[in-house]
Structures are given as structure tokens and as C-alpha cells.
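Please look over the structure below before reading on.

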Amino acid sequence: MVRGVAAAFVTAVGLLAALIGALPAHASPGAQYGIQDDAWLMYGPGTLSDRLATLEDLGVRVVRFTVRWDQVAPKRPADPRDSADPAYRWGAYGDVLDGLHALGIPTLVTLYGSPGWANAHQAPSRLPLSGFGDFAYAAAGRFPWVRMWSAWNEPNSRTFAVPVSPAAYVRRVLNPAFVSLHSASGANRVAGGETSPRVTPSGMSPRSFMQGMHAAHARLDAYAQHPYPVDRHETPFSTACSRCGYFTMARLATIRADVTKYFGAKPLWLTEYGYQTNPPDRLLGVSYALQAKYIGEAALHAWEQPGATMLIQFLLRDEPSIGGWQSGLFTARGARKPAYYAFALPLAERARRGAQAVLWGQVRPGSGRRAYVLQQSVGGRWRAVGGTGRTDAGGTFSRTVALPAGSRVRIWAPSPGWASPALTLS
């Protein structure tokens with residue numbers, strides 16, 4: 001924390017502090033913010049304990065993790081509903097989920113990938129002909145503490161699902177999983193959809209797929225969407241193609257309205273989201289600074305949207321191939337991007353009211369009402385704006401400060417012991 005503030009500045013701070021005020025409670029009580037990076041969790045650098053400690057340091061509140069049916073059960077089990085059947089090889093999947101459970105980090109488990117014996121010896125992306133519900137029941141038996149589940153990944157895209165058919169998805173995957181997981185425990189919640197944000201040449205738009213799910217009588221407790229931007233110019237709040245039918249973060253209210261239209265007041269889980277960075281991706285990436293800024297803005301947008309109860313950052317670490325995904329909080333070589341600090345301490349500007357800026361932020365590491373200090377850059381040094389603040393019990397705060405456009409601000413928090421990236425006010 002910055003020390004030795006000049007007396008004149010203290011006087012100014014007193015005037016500013018008088019203008020600080022709380023904003024109304026947010027619209028998505030209990031919203032969870034988390035991470036997905038299956039490869040890093042299972043096979044990343046260091047030990048599994050080291051990797052799990054990183055999640056704790058970041059204040060991760062939920063982890064989305066994929067369990068591959070084709071890898072867990074390469075041979076047909078004699079009793080497919082028994083998690084202890086010798087054919088099941090839980091291996092690294094079990095290690096990760098056991099470790100997360102030991103730390104008390106909730107997990108959303110996505111079940112995906114059919115073995116050849118269940119899909120007429122086709123690729124794992126082929127929707128199974130039968131057996132998915134039995135595997136879901138076995139997974140619930142192996143991991144009885146998991147309460148959040150989803151069925152398949154991006155079934156509206158041929159990359160992950162063959163055929164791209166909402167009726168086949170509902171009949172062969174979603175509804176069997178829903179019945180089995182609820183049979184295993186009444187506390188289980190099952191999400192359907194997990195749809196990608198736009199139509200592809202061999203796929204379906206998320207809205208069309210959603211409509212098909214509704215027509216096929218989909219059973220679900222939540223709808224899951226991957227609201228990725230469709231290009232690097234789109235922000236969490238704005239898009240240049242508002243009539244394109246994309247289901248991106250910028251169209252969050254539209255997604256929420258369609259979920260309500262077709263499935264009622266079911267929660268909306270945003271289970272994959274992220275911006276790729278340049279470097280290394282010169283074609284699709286944004287700068288490190290914009291990635292960090294958009295993490296805060298996306299968190300704010302989800303927080304403001306009624307019914308959006310989960311937002312998952314994808315990935316933790318960039319994939320090593322430039323043809324892969326570069327949206328991590330770490331580079332492929334393990335260096336922290338500014339987004340690492342932005343994830344732990346997201347900060348965004350909600351609005352400007354004349355001379356006052358309305359700020360929103362979170363302190364994710366820690367528990368209960370967490371301490372933080374809002375700081376302003378003055379003469380190249382960071383100085384406190386007001387005294388030490390406190391978040392609400394969930395780690396969130398909103399406040400209004402008298403700071404002009406162009407001011408650079410950040411938050412510092414003792415729980416992680418670092419500051420957020422700087423935010424330039426509008």
C-alpha cells in the first residue's frame with residue numbers, strides 16, 4: 001500500500017470521500033466466477049497441489065472440468081452404472097476432481113465424448129446411440145459431491161457433435177443424463193446447451209438449436225452458453241453486428257430473454273468465455289491491457305444481468321500452438337499477463353454521472369467482507385482515494401467517486417497482496 005500521502009492530498013481525499021456512495025445490490029445474487037483449463041489441471045507444470053493452489057490464490061469459486069466418456073470407458077463396462085466397474089478408468093479425472101473437492105472448490109462437470117462401442121465405432125464427437133445416461137449415473141457415483149453437471153460441449157457445432165441435431169442431442173444425450181443424474185441425487189443440477197455463439201458452415205445458430213431443443217422437449221435445470229466475441233473488435237457491452245443473431249456477451253439480455261422464452265426462468269450459465277491476446281495471436285488477439293479490461297467488464301455485465309449466475313474464464317494458460325487458444329491468464333511459457341491480476345481483482349466503470357464515476361469491482365481471494373483500497377495515479381505515484389473499503393459478503397463492491405475523465409485508477413487488496421491493472425476512466 002502507498003504510504004506518506006501529503007497533507008494537501010489528504011484534504012482532497014476527504015472531499016472525495018464525501019461523494020462516495022453505495023449502489024443498489026446486484027441483479028444476480030450468488031453469481032459464481034471461475035476457470036476452465038482441463039489440460040493445465042491434469043498435465044500442467046508442477047504438481048497438482050501447486051496448480052490447485054494457483055486457483056485458490058486467484059479466488060476461483062467454481063471450476064468447469066470435462067470428463068471424457070471415451071477415455072474413462074474405452075471398453076464397455078459389464079455394469080455401466082457402477083462407477084467401480086473394472087472397465088472404468090477415472091485416472092487423472094479422479095485426481096483433479098478429488099483435489100478440487102478437498103479444497104472446497106465447487107465443480108461443474110461436463111460429460112463429453114462417446115466411446116466407439118457406444119457410437120458404432122465412430123469418432124468421439126459422434127453422438128452416442130445409447131448408454132450416456134448410464135455413464136452419467138456412474139460419474140455421479142464416483143463424484144457424489146459434484147452438484148453441477150452439463151451434457152456435451154457445443155452440440156450446435158460439427159467440431160464437437162455429429163450429427164448437429166437438437167432432437168438427437170436431447171434424445172441421446174441431454175434427457176438421459178438429466179434423468180440419471182437426478183436419480184443419483186435430487187441435489188444435482190443439469191445444464192443443457194453449452195452452445196457456441198454463432199452458426200458455422202456445418203452447424204446451427206445457438207438460437208435455432210435452442211428452438212430445436214425446446215421442440216424436442218429438453219429437460220434441464222439451467223441453460224449453458226459460450227458467449228465468446230465473434231471478432232476482436234467486440235467488447236463485453238457492444239457489438240457492430242447487433243442483428244446477426246450471435247449469442248455473445250454483448251447480447252446477454254437477448255440470450256436471457258430467449259432462455260426464458262423457451263425454458264422458463266432457468267438460470268443462465270456462461271460456461272466458456274475469453275479474449276485471445278496479441279501477442280501471440282496477431283490476427284484474432286487483443287492487447288494484454290484490453291484483455292484485462294474486458295475481464296472486468298464481462299464480470300460486471302454478468303453481475304448486472306438477472307438470471308446469469310455463472311461466468312467461466314477459458315483458459316488459465318495459453319495453448320502452445322498458435323493454432324490453439326490464447327486466452328489464458330498466463331502465456332504458454334508461464335508468464336503472468338495483466339489478466340491474471342484482473343481476474344482476482346476485476347474492476348470496471350459502470351457509468352459516469354457528470355463529475356462522478358460509478359465504479360464496480362470484486363476482491364475474489366478471501367472470504368466474507370474483504371478489505372480493499374481504491375487508488376488513483378497522481379504524478380506517477382498511486383495514492384489512496386478515501387480510506388480502506390469493504391466488499392459485501394460475496395466480495396463485491398460498488399462506489400461513486402468524484403474523478404475526472406482520463407483518471408487512472410486501480411484497486412489494491414491485502415488478501416492477494418497485489419493490485420488490479422490500471423483502469424482509465426471515461
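**Helix packing and a loop residue**

Helix α3 (residues 48-58) and helix α5 (residues 91-103) cross at roughly 45 degrees, and their axes come within 11 Å. The model is predicted: local features need pLDDT of at least 70, side-chain atom pairs count only at pLDDT 80 or more, and totals for chains, interfaces and linings use all residues. Residues are numbered from 1 along each chain as its sequence is written, and side-chain values use heavy atoms, with hydrogens and water left out.

**α3 and α5**
- The angle makes α3 oblique to α5 (under 35 degrees is roughly parallel, over 145 roughly antiparallel, 65 to 115 roughly perpendicular, and the rest oblique).
- Leu48, Leu52, Leu55 and Glu56 of α3 are in contact (heavy atoms within 4.5 Å) with Asp95, Val96, Gly99, Leu100 and Leu103 of α5.
- By class, this contact of α3 with α5 has six nonpolar, one polar and two charged residues.

**α6 and α7**
- Helix α6 (residues 132-142) packs against helix α7 (residues 166-184) at an angle of about 35 degrees, the axes being 8 Å apart.
- On the α6 side the contact includes Phe132, Tyr137 and Ala140, and on the α7 side Arg172, Pro176 and Leu181 are among the residues involved.
- The residues of the contact of α6 with α7 divide into nine nonpolar, three polar and two charged.

**Val385**
- Val385 lies in the loop between β12 (381-384) and β13 (389-390).
- Val385 has 0% relative accessibility and therefore counts as buried (under 20% relative accessible area; exposed is over 50%, partly exposed in between, with a 1.4 Å probe and protein chains only).

Conventions
Axes fitted to C-alpha atoms, helices over the stretch in contact; angles between N-to-C directions. Helix = DSSP H or I, 4+ residues; strand = E, 2+ residues; numbered from the N terminus. Nonpolar A, V, L, I, M, F, W, Y, C, P; charged D, E, K, R; others polar.
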